[in-house]
Amino acid sequence: MKKLFNTISTFLKETDLYLLTMCFVASVFGIIMVTSATKYTLTDGQILSRETIIMIVAVAVGILSAILISMLDYQVFTKLWPVIAVICIVLMLLLFKFGTGPSARSDARTWLKFGPISLQPSELVKIGFIITFSVHIERLKDKLNHILSILQLGVHAIIPIALVALTGDMGSSLVFIFITAAMLFVAGVHWGYFAGAFAFIVAIAPLAWIYVLKQLQRDRFLALLYPDLYSDIIYQQKCGMSALSSGGFAGQGLFKGAYTQARVIPESKNDMIFTVIGEELGFIGCTVALLLLTLIALRCISVGKKSREQSTNLICCGIAAMIASQMIINVGMCLMVLPVIGITLPFFSAGGSSNLCIYLGIGLVLSIYRHNCERETVNIKVYDSLRR
């Protein structure tokens with residue numbers, strides 16, 4: 001018993017409890033809001049909806065996975081970067097043959113189904129990309145700003161971005177772009193390359209509009225400019241905005257949102273979960289949710305800055321960029337600043353893949369905190385014990 005107590009005590013001393021606690025609180029908050037958003041689906045005698053149960057299981061498995069990953073030295077994953085890269089590419093290629101999409105998007109191939117279980121590979125590929133990209137940057141650090149190095153890194157980033165975009169998941173491809181830009185910026189890439197990349201994007205935007213975007217995707221952009229002409233396209237966002245504004249400062253009360261409980265807002269449990277928070281918990285609830293996500297991202301950045309290697313700093317930065325970009329895109333979508341592009345709000349939206357995979361990323365940050373941060377060390381390390 002004493003040995004078990006000492007092991008637990010050592011684990012707690014070496015774990016970033018602030019980060020883990022904030023993630024847990026955010027997930028509990030999200031589970032409560034998904035429960036409210038799916039309350040109308042409950043039948044007699046049913047306590048929790050299927051979406052809520054899946055989210056609880058995903059969060060529980062995710063937290064356990066994060067803890068287990070934190071016990072391993074992060075180098076276990078960085079040394080296996082070729083294997084991780086191959087797995088990520090294979091998963092994305094399988095989508096073109098076996099993938100399925102939402103009922104409203106017959107052209108999309110974003111999910112792999114294994115019986116009753118569904119997996120969205122792009123969520124897992126985000127974590128894999130952050131690992132492989134950090135290793136690639138680390139290997140080129142002495143000649144990072146050479147044009148050949150930038151071209152290599154550009155090809156590395158374009159592969160997952162293109163594969164994800166071709167499956168119809170433009171939202172996730174945009175997140176990959178944010179992650180890439182953030183990691184390159186932290187690595188110290190010269191600003192001139194960013195200016196050149198921005199100019200290139202502006203130059204090819206008309207071609208992308210014509211040849212890359214589907215008609216529905218173009219309509220979603222146009223609906224923001226001409227809402228009266230695209231009333232059916234922007235219906236979801238208009239309902240979401242009405243729900244948000246009706247919440248006021250303190251909200252209508254948990255499980256009492258008029259729009260939410262009347263099932264007026266499409267996909268309120270997923271992409272539009274922020275509108276449920278705003279309607280039922282008001283400005284206060286929205287502020288708490290955004291503050292939690294911001295603090296989680298900042299904590300990841302802090303862990304990276306305290307780490308002793310560039311690659312670990314880049315991994316933490318990539319995880320923070322993933323969380324921050326999804327938060328910005330999702331909230332912008334709910335506020336009708338950005339079009340609907342199918343991005344979940346981290347820790348809050350329903351979905352097994354998104355909730356599980358984000359904890360895999362948090363597990364990496366916890367591993368870096370345990371094994372690489374400049375702090376007071378504890379002599380006993382779980383990884384060393386396992387290795388022996």
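A: We begin with the term cavity: a set of grid points where a 1.4 Å probe fits but cannot get out, whose lining residues have an atom within 4 Å of a point. In this predicted model, T344, L345, P346, F347, S349, S354, N355 and I358 line the second largest cavity, which has a volume of about 30 Å³.

Q: How do the residues of that lining divide into nonpolar, polar and charged?
A: The lining of the second largest cavity has four nonpolar and four polar residues, and no charged ones.

Q: How many cavities of 30 Å³ or more does the structure hold, and what lines the largest cavity?
A: There are two of them. The largest has a volume of about 50 Å³, and its lining consists of E123, I127, M322, Q326, T344, P346, S354, C357 and I358. Five of these residues are nonpolar, three polar and one charged.

Q: Which helices each supply at least two residues of this lining?
A: They are α6 (121–139), α14 (310–334) and α15 (352–372). With three residues, α15 gives the most.

Q: Turning to the surface, which residues form a nonpolar patch?
A: The patch is formed by F200, I201, I204, L207, W209, I210, Y211, V212 and F221, with about 920 Å² of accessible area together. Helix α9 (residues 191–211) contributes the largest share, seven residues.

Key
Residues are numbered from 1 along each chain as its sequence is written. This is a predicted model: local features need pLDDT of at least 70, side-chain atom pairs count only at pLDDT 80 or more; totals for chains, interfaces and linings use all residues. Side-chain values use heavy atoms; hydrogens and water are left out. Patches are made of residues with over 30% relative accessible area and no salt bridge: like charges are joined within 9 Å, nonpolar side chains (Val, Leu, Ile, Met, Phe, Trp, Tyr) within 5 Å. Accessible areas come from the Shrake-Rupley method with a 1.4 Å probe; for residues, only the protein chains shown count as cover. A salt bridge is a side-chain nitrogen of Lys or Arg within 4 Å of a carboxyl oxygen of Asp or Glu. Helices (H or I, at least four residues) and strands (E, at least two) are DSSP runs, numbered from the N terminus. On a 1 Å grid over the protein atoms alone, a cavity is a set of points where a 1.4 Å probe fits but cannot get out, and a pocket is an open set with protein on both sides within 12 Å along at least five of seven lines; lining residues have an atom within 4 Å of a point. Grid points are joined across faces, edges and corners, and a volume is the space filled by probe spheres set on the points. Ala, Val, Leu, Ile, Met, Phe, Trp, Tyr, Cys and Pro count as nonpolar, Asp, Glu, Lys and Arg as charged, and the others, Gly among them, as polar.
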